[in-house]
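Subject: Structure for you to look at

Hello,

Here is the structure I promised to pass on. Please open it and keep it beside this email as you read.

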Amino acid sequence: MKKQLFITLTLAALLTLFTGISAYAAEGEIRVNGTGIVMADPDTADIILSVETGGKTSGDAQKENNRILHAVTDTLLEMGIQKEDIVTAYSSVYPQYHYDEKNGTRSITGYRANTELQVTTTDIDNTGKYIDAALKAGATGTGGVRFSVSDQSKYYGQALQIAVGNAEKSARSIADAYGRALGAVKSVTEESRNAYHVEMASNMKTMAVEEAAADSAGGTTISYGKIQISANLSVVYSF
């Protein structure tokens, strides 16, 4: 019994180390976890643009903010961005204070208005041009770009199939080690799903965008990588 337990634990450790698949064998069943990964090219980009303005009153700050927002929006519409793809992601107006340390008092010196726009486009190769045009129209900054796949279901289905295959390979290896046949599937549980942009294999992030230095024409260059879509599931086989 001790020898059998040692073999089970050793196989589980090796499978986890080399394949990312964890396994556990118990009397009458084998429980394995399988992971499937599919790499897809992004087809959608979400650009975050910010407009920050100041004024003596909250109304002044907001009025100037609205003026710039209209200019930025009109510019993007002229470039082919659809109106429904330009939405307000965040908006605020707040006072600015001066602190008098000597008297321990503070007074309002003005107001700041801050708005963030989210611009969605499938023209991902020209994201830099949209950013440049928005900045020229008055936008005061950008919060970066997030790349994604509009329809993840197809790729997630492929990842699930790979996960199932990996789980079966793991279970079959354990059964073969014991010299026994692998039984039927008793249960399958979907554990998790993930999708994130991958710029470099060692730097996996939900948003990993390299905003390079301006090129010779003074434009913004944006580079992007693949989208990694993964599926994880747990399968129990009779044994």
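This is a predicted model: local features need pLDDT of at least 70, side-chain atom pairs count only at pLDDT 80 or more; totals for chains, interfaces and linings use all residues.

**The whole chain**

The protein chain has four helices and 11 strands. It holds 239 residues, and 35% of them are buried. Now take the contacts with a separation of 6 or more: 77% of them join residues 24 or more positions apart. The accessible surface is about 13800 Å². Carbon and sulfur atoms account for 51% of that surface.

**Helix α2**

Find residues 58–78, which form α2. This helix has 21 residues. From first C-alpha to last, α2 reaches 30 Å, close to the 30 Å expected at 1.5 Å a residue.

Which residues of α2 are buried? They are A61, N65, I68, L69, V72 and L76. These residues lie on the same side of α2, because they cover an arc of only 110° around the axis.

What covers the buried residues of α2? The cover includes three strands, β3 (44–55), β4 (86–100) and β5 (105–121). Helix α3 (127–136) is also part of it.

Now turn to the face of α2 that points away from the buried side. The exposed residues K63, H70 and E78 sit there.

Last, look just past the end of α2. There G80 takes a positive phi of about 110°.

Best wishes

Terms used
Residues are numbered from 1 along each chain as its sequence is written. Side-chain values use heavy atoms; hydrogens and water are left out. Helices (H or I, at least four residues) and strands (E, at least two) are DSSP runs, numbered from the N terminus. Buried means under 20% relative accessible area, exposed over 50%, partly exposed in between (1.4 Å probe, protein chains only). Contact means heavy atoms within 4.5 Å. Accessible areas come from the Shrake-Rupley method with a 1.4 Å probe; for residues, only the protein chains shown count as cover. The expected span of a helix is 1.5 Å times one less than its number of residues. The arc is that of the directions from the helix axis to the C-beta atoms.
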